[in-house]
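Thank you for letting me take a few minutes of the meeting.

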Amino acid sequence: MKRLLGVALGILTAIGGFVDIGDLVTNAVVGSRFGLSLAWVVVVGVVGICLFANMSGRVAAVSGRATFEVIRERMGPRAGLANLAASFLINLMTVTAEIGGIALALQLASGVAYLLWVPVALLAVWLVIWRVKFKIMENVTGLLGLSLIVFAVALFLLKPDWGVLASQAFAPSVSQEEGPGVYWYFAIALFGAAMTPYEVFFFSSGAVEERWKVKDLMQARMNVLLGFPLGGFLSVAIAACAAVVLLPAGISVTTLSQVALPVAQAGGQLALAVLILGVVAATFGAALETTLSSGYTLAQFFGWSWGKFRRPAQAARFHMSMIVVLLAGAAVLATGVDPILVTEYSVVFSAIALPLTYLPILIVANDPQYMGEHVNNRAVNIAGLVYLVIILAASLAAIPLMIVTGAGA
Amino acid sequence: MSQYGRRLATILLALAVLAGALTACSQRPSPEALKGPAKDVFSAVQAATLAVDLRIKNSTTAAAGSTAADDMLGEVESATDEVEGFTAPTEEEKSLRDDMLTSFATISRAMLHARDALTAPSGGPEQGQPGSGAHGLPEVLGELRNATDQLKALMTKAGIQ
């Protein structure tokens with residue numbers, strides 16, 4: 001019974017923890033401009049993140065070490081540094097976007113300017129990382145993040161024409177108004193939002209924090225294979241709400257306040273309150289994960305002592321690097337840069353950096369020296385290679401499309 | 001610096017100068033150039049209208065409504081700045097730019113009223129309250145809709161789809 005509860009909790013946490021500011025904003029933007037015609041990208045992204053998260057979780061459980069640590073050792077410092085540089089830059093952008101997201105959600109709740117909430121968000125994130133146990137931190141934010149199910153409820157309350165939504169999703173077409181360049185630019189952004197590199201590093205380092213063993217692999221697999229697709233369903237619901245209310249009104253999403261309009265229309269103030277709770281929890285949880293991911297990657301590359309299972313004094317450089325990352329994110333926001341813009345760029349740059357993150361994972365997951373009998377089977381390797389081709393194509397096309405379309409303007 | 005390094009530096013400098021020159025060139029207010037800002041403002045005013053409508057129905061809170069109106073006001077200001085940067089060499093283009101800016105100003109004013117009315121706890125003061133000069137939510141909604149119609153008419157006239 002205890003094991004079953006553990007599985008259920010893990011799945012629920014994975015659902016609630018799947019959506020972050022990148023998913024929220026990108027899905028709402030895409031829904032308001034293309035309807036559900038990019039829903040297929042969410043499916044492709046979710047399958048990809050399941051594949052690689054599962055692989056990195058297996059590496060951690062079998063070797064007892066986090067993926068990044070193994071990559072550094074297996075592939076040498078130069079390849080490790082390339083991976084670190086790309087992942088760290090994306091992490092920094094994502095931390096900035098998530099802290100901005102917390103502040104924007106609190107502005108929505110209070111009416112007080114988001115810039116005043118930035119220091120509060122920063123302090124809260126740091127305090128939780130400093131004081132709260134890993135398991136509690138992960139479960140509380142994940143479960144509260146489940147409030148974002150309000151998007152799915154709102155979609156039903158809006159009584160949409162399901163036939164129209166289905167035809168958008170299953171027979172996607174590019175509207176003349178937007179053009180194919182913009183369509184593919186947002187496809188890459190959506191793919192980057194679903195496959196953000198921090199998720200796999202956090203997942204594998206979390207496995208070490210929670211001391212997974214080979215016997216825990218089944219539970220981990222269920223968390224990923226059930227939790228992430230259901231999280232992807234939430235992403236599609238966000239896009240669908242925007243497609244039903246904002247697209248027909250000619251409203252193109254550029255702010256978080258616009259994302260809330262369909263939910264308020266469907267469910268009134270109660271739904272809005274649940275939504276704000278969900279957004280705060282999702283962005284707060286993601287801010288914790290990205291900050292920790294930054295600390296994990298740095299510490300694992302340089303061989304510092306790391307982990308929340310250690311007291312901060314025993315992992316001083318790990319904790320100090322996270323404080324610096326948080327301060328850097330807050331400093332970027334203090335310039336007045338739009339957090340939504342940071343989010344939009346972070347998901348596209350995430351797509352650009354994907355090959356540097358996922359290729360080493362595939363290599364390590366095939367090394368019997370670390371994995372023994374648990375190396376990837378043939379089917380997983382074929383799927384992994386197919387995904388590497390997709391990732392490479394997205395990565396190469398991202399910058400030219402960004403220039404040609406004026407970042408999807 | 002090696003010869004290769006010098007050549008690379010020259011190419012990078014040339015690219016930077018070219019990029020600078022291209023971004024410094026101001027656009028002409030053709031319907032194509034005005035399309036982006038006009039659509040941004042249309043989107044913003046529609047969002048503000050929806051926020052006011054939801055507030056009237058008590059479906060949203062004062063904080064969320066006023067945040068939406070404030071955000072949308074920012075969008076209109078950005079679009080206004082963009083259009084103000086256009087240079088209009090012909091009378092026709094100058095007239096189109098000025099009409100667009102007048103329409104944006106009307107929308108901006110309506111949004112300011114919307115923000116003030118949304119910030120008020122009960123959706124603005126009672127009608128006719130002496131000395132307040134403020135607007136109630138239904139009046140603001142009407143003002144926003146009129147401003148939207150004006151922009152739509154202008155977009156149609158200019159051939160902006």
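**Interface and ring pairs**

Between them, chain B and chain A bury about 1600 Å², and 58% of that area is on carbon and sulfur atoms. Please keep in mind that this is a predicted model.

On the side of chain B that touches chain A, the elements that give two or more residues are α2 (31–56) and α3 (62–84) of chain B, and α2(B) gives the most, with nine residues. Sorted by class, this side of chain B has nine nonpolar, seven polar and four charged residues. In terms of contact, 20 residues of chain B meet 22 residues of chain A. How many salt bridges are there between chain B and chain A? The count is zero, although nine residue pairs are found in polar contact across the interface of chain B and chain A.

Now to the rings, of which the structure holds 18 aromatic pairs over all chains. One of them joins Y183(A) and W184(A), edge-to-face, at 5.6 Å centre to centre and with 85° between the planes. Y183(A) is buried, at a relative accessible area of 4%, whereas W184(A), at 42%, is partly exposed.

Another pair is Y296(A) and W306(A), whose planes stand at 75° with the centres 5.3 Å apart, so this pair is edge-to-face. Because Y296(A) lies in helix α12 (residues 256–302) of chain A and W306(A) in the loop between α12 and α13 (316–334) of chain A, the pair ties together parts that are ten residues apart in sequence. Y296(A) is buried, with a relative accessible area of 0%, and W306(A) is buried with 6%.

Notes. Residues numbered from 1 in each chain as written. Chains lettered and ligands numbered in written order. Predicted model: local features only at pLDDT ≥ 70, side-chain atom pairs only at ≥ 80, totals over all residues. Heavy atoms only, no water. Contact = heavy atoms within 4.5 Å. Buried area = accessible area lost by both parts, 1.4 Å probe. Salt bridge = Lys/Arg side-chain N within 4 Å of Asp/Glu carboxyl O. Polar contact = N/O pair within 3.5 Å; in protein donor to acceptor, adjacent residues only side chain to side chain. Helix = DSSP H or I, 4+ residues; strand = E, 2+ residues; numbered from the N terminus. Nonpolar A, V, L, I, M, F, W, Y, C, P; charged D, E, K, R; others polar. Phe/Tyr/Trp six-rings, centres within 6.5 Å; stacked < 30°, edge-to-face > 60°. Buried < 20%, exposed > 50% of the residue type's maximum accessible area, 1.4 Å probe, protein only.
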